[in-house]
4 protein chains.
Amino acid sequence: MVKIPMGVLGATGMVGQNYIALLKNHPWFEVRYVAASPRSAGKKYKDAVAGRWQLADNYAPPVGELAVEDANDVSRAAAANKRGECAFVFSALEMGKDETRALEEAYAAAGIPVISNASAHRWTADVPVLIAEINHHHADIIPRQQKNHGWDRGFIAVKPNCSIQSYMIPIHALIRAGYPVERIIVTTLQAVSGAGYPGVPSLDMIDNIVPYIGGEEEKSEKEPLKILGLVRDGVFENAALPKISAHCNRVPVTDGHTACVSLEFGREKPSLETVKKIWTEFRSLPQEMNFPSAPAEPLIIREENDRPQPRKDRDSGGAMALVIGRVRPCNVFDIRFTALSHNTVRGAAGGGILNAELLKHKGYL
Amino acid sequence: MVKIPMGVLGATGMVGQNYIALLKNHPWFEVRYVAASPRSAGKKYKDAVAGRWQLADNYAPPVGELAVEDANDVSRAAAANKRGECAFVFSALEMGKDETRALEEAYAAAGIPVISNASAHRWTADVPVLIAEINHHHADIIPRQQKNHGWDRGFIAVKPNCSIQSYMIPIHALIRAGYPVERIIVTTLQAVSGAGYPGVPSLDMIDNIVPYIGGEEEKSEKEPLKILGLVRDGVFENAALPKISAHCNRVPVTDGHTACVSLEFGREKPSLETVKKIWTEFRSLPQEMNFPSAPAEPLIIREENDRPQPRKDRDSGGAMALVIGRVRPCNVFDIRFTALSHNTVRGAAGGGILNAELLKHKGYL
Amino acid sequence: MVKIPMGVLGATGMVGQNYIALLKNHPWFEVRYVAASPRSAGKKYKDAVAGRWQLADNYAPPVGELAVEDANDVSRAAAANKRGECAFVFSALEMGKDETRALEEAYAAAGIPVISNASAHRWTADVPVLIAEINHHHADIIPRQQKNHGWDRGFIAVKPNCSIQSYMIPIHALIRAGYPVERIIVTTLQAVSGAGYPGVPSLDMIDNIVPYIGGEEEKSEKEPLKILGLVRDGVFENAALPKISAHCNRVPVTDGHTACVSLEFGREKPSLETVKKIWTEFRSLPQEMNFPSAPAEPLIIREENDRPQPRKDRDSGGAMALVIGRVRPCNVFDIRFTALSHNTVRGAAGGGILNAELLKHKGYL
Amino acid sequence: MVKIPMGVLGATGMVGQNYIALLKNHPWFEVRYVAASPRSAGKKYKDAVAGRWQLADNYAPPVGELAVEDANDVSRAAAANKRGECAFVFSALEMGKDETRALEEAYAAAGIPVISNASAHRWTADVPVLIAEINHHHADIIPRQQKNHGWDRGFIAVKPNCSIQSYMIPIHALIRAGYPVERIIVTTLQAVSGAGYPGVPSLDMIDNIVPYIGGEEEKSEKEPLKILGLVRDGVFENAALPKISAHCNRVPVTDGHTACVSLEFGREKPSLETVKKIWTEFRSLPQEMNFPSAPAEPLIIREENDRPQPRKDRDSGGAMALVIGRVRPCNVFDIRFTALSHNTVRGAAGGGILNAELLKHKGYL
């Protein structure tokens, strides 16, 4: 199979670096276009990230030789698209919300599909917020989106905030199995890589935690309702439930968001054994279609009482699986558990790549 | 005022060290008797803790010269008591539950009041579990306890588990103000000093958190019901509410337990402003009587959105105050907030000393 | 004694905050003037540092009400000086070297003595680099400096880089006792507070160390030669020895720089016992004159084999003492040891205050 | 190629776990025998390590099903050896020195070669201390060792202390290239995994470093002399040089020992460029023979001024390469640099496996 040449916007930042590293040996996609801020533009990628590369894993050597383009200059990407070197882009742009929104639209208008990690378009009416295992069918709003804008091949699809990804798939699995979830109180212990680099100052993370992450709780409470919602007549209809209350904390962990979840079902209340069975057996389109980045087991249950732990469990399933532990009755709601996902892989670049695989599978790329 | 000479059992351990350090300049009490395991017995205190002393603050030099006694040998303490050198003891024993229970009873039987941090007697029917600001009146079960056992001057009074102390006083303040709390879901981020020394291995606390602390959640859910309960006819009657669900996590922090709390009131629901006013104005017997270890303001509210933080706030009010932040509506229950207390001071030795001050005030010491 | 009213430039930064906190109860000096960047100018100090205050210890309430001035506007300070509210300033400016140099000179020219933590003037020919216990006599170059510039009451005195302070006093003590030191190889493990706030990113300090601090090794190798030098005919003459080779590392510690030192004496080689005696008995002018910030014992030797440790030892002697451990023969040079000092107190604000006390004592303030 | 079945002694400990994980897909060796303390004996391996497994990487499933043997019972291993299931063993025993020495000899006497990480036999006259890239020829003392003891096929070969491995290969490379090194002053910043599990308490590693590791400095100063020595008439003759002075510190890093090295050459002093060329081009027997665990480039030079860093560089070359940075002139000796190696892979289990590959190559296994 000939690989699809594509690009990464914001390629020098933290999430951008993860895209570059994760795509190193991707069987379908090949990085041929990298763009970043004007400051990096014109440099070779390897020079632009020298001294800023944060990952143990390195990038494929050919990427290092690519000239970094100015992400603001859509015409460069459009030309690359015409040359067959940039069929679509991952957007890991780190700029203001309004600028991001406009720029992503400009790429789409230029015929370049944009698969984005940015939050700018999450509440745009015709933009799907995708977690491939949950709402893959939301992708089918894309033709409507293209029609709305008069776009030909371009479109925008986004992924949700990283922190909810540690528990949304388990919630969805329960709902899908016939056990609607009505209320969730969740406390997250989030890794510093979620704030990029330089991000969180070390003085805040030595002998300390910070009980606040700007905007995170609001996103955690609202985005799930769009993801779990319906598409009716080409319009998203948000789910009314579950009600979610989130407490988001920053802790001294490099990668891996942990969530302590208490949840209440509606009338149908599964036993703990049923819950575990639902999770262990959960498979969705990415598994059925065997997408390259899909974890074989998306939900891994650990029975030891002190797991999941970020350092030991975050890389499970190629860092794309969720690890769930401490499944037990809740003294106030019905059940409680602790869940973990790798925030820069499953929660960011890896999730974006899985979305691209889904969109390719569905014929939109 | 002549200081009351007293002793510390388990004086070489982590909590014992805190007792010794905190009592350095205490206006009422003076450490004249130290006991520990047979391994330390016979050594000078300063030699017994050499290489094991964990605190930045040091102990009063005279204590360093005391000979460490064997904590198992109650006759030594009884003799010291007769000599007027050990009017009562703080128990920071680190042994099995049954052994601790029996040994604390032996001290009480020998005429020596025991004010304990150990969990052994928390569910003994006639032993009060005291948080001085909440249930100081529970101390008045002591004559009944003495009568039950035929003890003369000895008795046992204990303090609850450290993790609940970050939020029980605020809960009590609301209840006292006429706003009963019915349900609480709380997630704690607990410091490693709570596990003593050597305690938690560093391999578990570098780039990691551990979502489990043995026995902690059970204690957190049950002990508040005794503390908030009534004494009727010389017997404790546990409160029926609030229902509590606790998720307890260990995080890489030396001192300071953080709690993320969502709570639901009964019919009476105060406004956020009322909640804050209740907390800011809260005073109880320790403040009214101006006990030496009582913080002037037991509940301190921080308005910055990223507080409380362990390193910056744990020493507030001489490490005896609770610092509360992020008071806001809960999307599922009524309100939510984050609270912090110093686990080895307010939550352990400092809380024990405050209990002793209460018991002295009430004439039991 | 009436306190001398004075000011802090750069009062909202990390070192500035330390000045404000340390001067809270100072018996000689009283903060009456605070200046910072134009961004903070006009705000009350308490508002300017809200959300940026890094210390557990707080500032004196009157300081919180002071209006922050623009540090670039020397005329404001000059007016305060005339009003008797700003007899001298501590400079904790965080700007470019050239700008700092010019601005500090402008304050001096306006009649305001400047006691600086900045590195800008360390190599200015007539500016003394003071460690009060070592080269207090270097202060006597001040009249010459004033004459050189035609300054009346103003002058500039600075302190050296924080990292050398962990071992320069012990080196000086040996030299003063008749044992010249010829060669030093030192590796430092430096705290993150040395880089200010936000400073070192947490991603660099979780499960990691960084073997580099820009400019630190050069300063560590050169500044001691000025400090240990002579003043001849009103001009500094740098010492030729010791030759120093420094390896400077950043480690995940909030406060407290540790130095592992191997040193070689000249012909006169003291025994280990002599070395320890020299250090234990070392006293200098600050101790003899009992300056308020002078530690009674400037050099504290710990005999345990695993000390000094930053968290346990940095606050020794009011965070102004050096703690030395592991004094032992060196397998290559003569002796080796590990030394620790609190970098934001002894190594920054506390050291500056001690210098001010020295300059007051000598009549320059 | 049929894999050689072999065993691991101390298989449940930290180093033992690394052996099991690293041998998962080894092309030459296959774990068929696991032994540990009597406490684990009789359990399946997966049950014996449940709740104690420290690594992100897991073991091969067949190993999980092996029954753990009692390491003290050599007859079990001898029987397995006869059945063709235990051709040799890796020893990661964690017991007293004398017991280890005796037990390793008993295995050798039973015909089972022992490749050990333990320090017990490092100073035994006829036991080679191997770093495969440096002194592979020392392996040829094995026939003499076997003759000394009247052993048939069994023998003992060991590896040195982990901390020296970060800089011994570069030192050897320089010596081999004709630039003898006379003096070394080195300070190490060592990872906590070097102390096993539970090992270093977290209270010592939060906001702290510990400037001491028992026995480490002595080993660091002496073991290199045996490794760099000659074999003359079947007897090791230790090298006289280099003189080494080591300062060993424990820092809050999971894996990866960092060393800050200053060194002095003898008369022949290479330029910095020559030094780097020697290191970059260095290859030895493991590379020439392409041993499975040999890194293609054993010495990797990073030119960025802030590398090597443990988290980013420890996995270089399959965690078997050394990463060297900051190569620069020394202000006291000739050159200085910072070097890093993965202490539980290159410095422990991986180094042991490479030694086994060497011994297989030489026909001793």
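Val63(A) sits in helix H3 (residues 61-65) of chain A, where helices (H or I, at least four residues) and strands (E, at least two) are DSSP runs numbered from the N terminus. This is a predicted model, in which local features need pLDDT of at least 70 and side-chain atom pairs count only at pLDDT 80 or more, while totals for chains, interfaces and linings use all residues. Residues are numbered from 1 along each chain as its sequence is written, and chains are lettered from A and ligands numbered from 1 in the order in which they are written.

Val63(A) counts as buried because it has 22 C-beta neighbours inside 10 Å; a residue is buried if 20 or more other C-beta atoms, placed from the backbone, lie within 10 Å of its own, exposed if 12 or fewer, and partly exposed in between. Apart from neighbours within four places in sequence, Val63(A) is in contact with Ile20(A), Val31(A), Val34(A) and Tyr45(A), contact meaning that C-beta atoms placed from the backbone lie within 7 Å.

Between chains C and D, the contact takes 37 residues from chain C and 37 residues from chain D. On the side of chain C that touches chain D, the largest share, five residues, comes from E10(C).

Most residues other than glycine have a negative phi, and most peptide bonds are trans. Asp233(C), however, has a positive phi near 55° and is exposed, with 6 other C-beta atoms within 10 Å. The peptide bond from Leu241(A) to Pro242(A) is cis, with omega near 0°, and Pro242(A) lies in the loop between strand E9 (235-237) and strand E10 (243-250) of chain A.

Methods
Contact = placed C-beta atoms within 7 Å.
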